[in-house]
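Please read them with the structure open.

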Amino acid sequence: MAVKKQSFEESMARLEAIVAQLEKGECGLDQSLKLFEEGAKLAGQCEELLDKAEQRVSLLLASGQEVPFEEEANEL
């Protein structure tokens with residue numbers, strides 16, 4: 001399954017669903033590998049989004065200036 005760029009919340013929800021599905025242990029090996037691969041990509045996307053958010057917070061705290069929030073989920 002191809003992973004499209006999603007919001008952090010959408011990615012986390014899908015990642016949680018994948019984990020729940022894998023924990024059930026009802027998938028075959030091929031399906032489990034596909035789910036794991038999708039989950040790894042989603043985890044990377046979430047980490048990237050969190051890193052960007054952390055950088056923005058650090059910038060705000062360091063500068064004391066307001067930085068406008070822009071939806072960046074479509075840029076990833």
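1. H1 covers residues 8-24 and H2 residues 29-63; they pack at an angle of about 150 degrees, with axes 9 Å apart. Axes here are lines fitted to C-alpha atoms, for helices over the stretch in contact, and angles run from 0 to 180 degrees between N-to-C directions.

2. This is a predicted model, in which local features need pLDDT of at least 70 and side-chain atom pairs count only at pLDDT 80 or more, while totals for chains, interfaces and linings use all residues. Residues are numbered from 1 along each chain as its sequence is written, and side-chain values use heavy atoms, with hydrogens and water left out.

3. The protein has two helices and zero strands. Both kinds of element are DSSP runs numbered from the N terminus (helices H or I, at least four residues; strands E, at least two).

4. The crossing of H1 and H2 is left-handed, meaning that the near helix is turned anticlockwise from the far one by less than a right angle; clockwise would be right-handed. On the H1 side the contact (heavy atoms within 4.5 Å) is made by Phe8, Ser11, Met12, Arg14, Leu15, Ile18, Gln21 and Leu22. On the H2 side the contributors include Ser32, Leu35, Phe36, Leu42, Ala43 and Leu50. By class, this contact has 12 nonpolar, five polar and two charged residues. Nonpolar covers Ala, Val, Leu, Ile, Met, Phe, Trp, Tyr, Cys and Pro; charged covers Asp, Glu, Lys and Arg; the others, Gly among them, are polar.

5. What length should H2 have, and does the model give an end-to-end distance that agrees or disagrees? At 1.5 Å a residue, its 35 residues should span 51 Å, and the end C-alpha atoms are 51 Å apart, which agrees. The expected span is 1.5 Å times one less than the number of residues. After H2 comes Gly64, with a positive phi near 70 degrees.

6. Buried residues (under 20% relative accessible area; exposed is over 50%, partly exposed in between; 1.4 Å probe, protein chains only) make up 18% of the 76 residues in the protein. In H2 they are Leu35, Glu38, Gly39, Leu42, Gln45, Cys46 and Leu49, and these pack against H1.

7. Leu15, in H1, is buried at a relative accessible area of 17%. Not counting residues up to four places away in sequence, Leu15 touches Gly39, Leu42 and Ala43.

8. Phe8 of H1 counts as partly exposed, at 27% relative accessibility. Leaving aside neighbours within four places in sequence, Phe8 is in contact with Cys46, Leu49 and Leu50. Ala43 of H2 also counts as partly exposed, at 33%. Ala43 and Ser11 are 32 residues apart in sequence and 7.9 Å apart from C-alpha to C-alpha.

9. Of the contacts in the protein with a separation of 6 or more, 60% are between residues 24 or more positions apart.
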